[in-house]
Amino acid sequence: MATVVQAIRLALHVGEERLGVTDVFGQDVGPPLGGVFTQSQGLKTAWNTPLDERGIIGTAIGLALAGQRPVAEIQFCDYAFNMIDLLKLAGGVSWSSAGDWSCPMVLMTPVGSGIRGSIYHSHSFDAQATRIPGWKIVMPSNPLDAYGLMLSAIADPNPVMFLAPKALLRAKAGRNERIPGEPEDDRTLSKMIDAPLGDRSKWRPDWPDVQDFFIPFGKARVCREGRDVTVVTYGRMVVVAAQAAELVAAAGVDVEVIDLRSLSPYDWDAIKASVRKTRRVLYLNEDTEVTNFGEHLLRRTVEELFYELYAPPRLLAGAHVPGIGLADSLERASVPQVDQVVAVLRELAAHQP
Amino acid sequence: MSTSPSRHPNAAAAEEQPLSTEVLLCVHDAMLRARCLEERLIRMNKQGDGFFWVGGPGEEALNASLGLLVHKGQGPEHDYLHLHYRSTATLVAMGADPMDTLRQMKSVATDPYSAGRNFCNHYSLHRWNVAPVSSPIEVQFSMAPGTALANKRAGGRGITIVQGGDAGTAEGDFSTCLLWCSRPGHELPCLMIVTNNRWGISTLSTDQLAPKHIVDRAKPFGIKTALIDGNDPEVSYRELKKAMDYVRTERRPLLLEAMVSRLYGHSSASGANFVPDEPDCLVLFENKLEERRILTRQAMDALRGKYTQELLDASKRVRDEPQPKGEDIWKHVFAERDGASKPDPKGSG
């Protein structure tokens, strides 16, 4: 079964073969490395660029304007902050030209903590990203969603940000989450598409015949049904929420976990339906908590669902500090941990109106 | 001007090959129409018919020549234009309707460039490959390598033209363009133009930029350069043509620096009043045309009067056109059609 990073690679391959992708590019994206996380190994349109994030995003915009289908990579989202104005510009191509131009491009970038990445390999980007209108923004939590969301990102006529939780890149699919057409055995898949160590100059991938599988934007996935408390989350925190849900289940608290998958557009109907059922909700993500995307969802919950709630809605997010410290104790204190989620779930479940 | 183009090794000699009378008349006509348009825009702003003016009086000799030389059309077989907000004469020379510029000035719903969303002279025209002009300085230089790469792949003669001012070269995007267009073995057909008016709003570039000439910055990249007198339309036309021919055929970049004037200051924010102590390319050119008996003073004055009157009439008509509706803000946040890969059937060269 494919890992998240293999799923991304398979989707990019399908993009090249069937969806018109012309360029997969960025620093270290082309051969010999094929991406620092191996996400672009063996792709026929992958190429290396100067270490210049503004050039990478600017060139992607230019390619998109000229009818090409670029997938640009910023090696870590921590290095995307010097191009915020270009992201704003890409998001404004259609609007500012009153629909005359469009900017069909994909920007993929690894996000979040969980690999002990220190101050500049642990940032999240969802709070920044969701403040830039005109972009569609997705964030998968498993291989099948990574595959299906990447195919939809490539096919979309708008700029799409594909935020890849870096701590989940090696995560494997669960049962019944196989990419259509991938080999049964993960060793077989690895032999087919993972580049060998050492000299790769003569290596070519043997791509499996994977099928089209598009996940529409704005459709959340209920990854665990429950009746007592709703957790709305995405990316790496889906896994944390699922672990916390199992832990509180033993104490009789039945948690529903919703993986948003897509932050722009987002599935308000799914959130609303779940909150109306459980009447208790936790918004969970690892970006810094001040002006956080979860705060927006929380505000909407208060405005639209206030009288249906049995407990004050909660947000659990990252500490509002400048970076994630390297020491284990510092990282754990900076982003939500399973025990904190468990504690909030218990409080929510116990709260009586 | 403080810098004498003739001292630079690449400086163009005006006396090389004379342009035909037909070309001279075309250039003059485009320059004059663009100047009359700018003067009308400034008046509209001063009379309250538009919130802000920024434009290119003083750049007409260069920009009109550019507009006449562009391989106009849609898609990578044609030239892509990443212009700045002083490129009025380029659009006029390409054949854009001046009425549309007035519409953008008045922020009416019929403004074809932004439907009332952007400042005047912020052009955007997909059918002619004119990428949306944006107020942030120099970002167009980061985008240009992308369209140039598409030009290169298309295999035709289409090139990318990117233009900005001297002050903007301080931004990293200028270096980005030099870098990305000259990657060894991957050189791109991109003509970079810097119109050097020696000013960034109120700051003199000679106080901020150490290189004697901006073109000198291209040398370490092996990029060919040209430094020209952008106030002389004959030099501008000839040198632009030479530069474009080089980029078209060699499929390599070229940096052209044109010394120009800024005749009405930075924008309406600084008053938009005529600056009498800078060379006026239109006056200088008209003197030459008169001396050479190509046009009489009387004929040129009559033409100016005609264009001025036409634009005055047009500006009155624009007042009656509808403003955008508040709810229109929600339109085009996302593209509904795939504008980039499926050309507008109405689009034409």
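Reply: In chain B, β1(B) and strand β2 (residues 160-165) pair in the parallel sense over three bridges. Two strands pair if DSSP finds at least two bridges between them; helices (H or I, at least four residues) and strands (E, at least two) are DSSP runs, numbered from the N terminus.

Me: Which residue stands opposite B:Val162 in β2(B)?

Reply: B:His82 stands opposite B:Val162.

Me: Which helix packs on the sheet, touching β1, β2 and β3 of chain B?

Reply: Helix α5 (residues 139-154) of chain B does, and its direction makes about 170 degrees with that of β2(B). Axes are lines fitted to C-alpha atoms, for helices over the stretch in contact, and angles run from 0 to 180 degrees between N-to-C directions. Contact between two residues requires their C-beta atoms, placed from the backbone, to lie within 7 Å.

Me: What about the model itself and its numbering?

Reply: The model is predicted: local features need pLDDT of at least 70, side-chain atom pairs count only at pLDDT 80 or more, and totals for chains, interfaces and linings use all residues. Residues are numbered from 1 along each chain as its sequence is written, while chains are lettered from A and ligands numbered from 1 in the order in which they are written.

Me: In what order do the five strands of the open sheet run?

Reply: The order is β1-β2-β3-β7-β6 in chain B, with parallel pairing. The edge strands, each pairing on one side only, are β1 (80-82) and β6 (224-229) of chain B.

Me: Now the chains: how many residues of chain A are in contact with chain B?

Reply: 33 residues of chain A are in contact with 37 residues of chain B. On chain A's side, α2(A) gives the most, with 10 residues.
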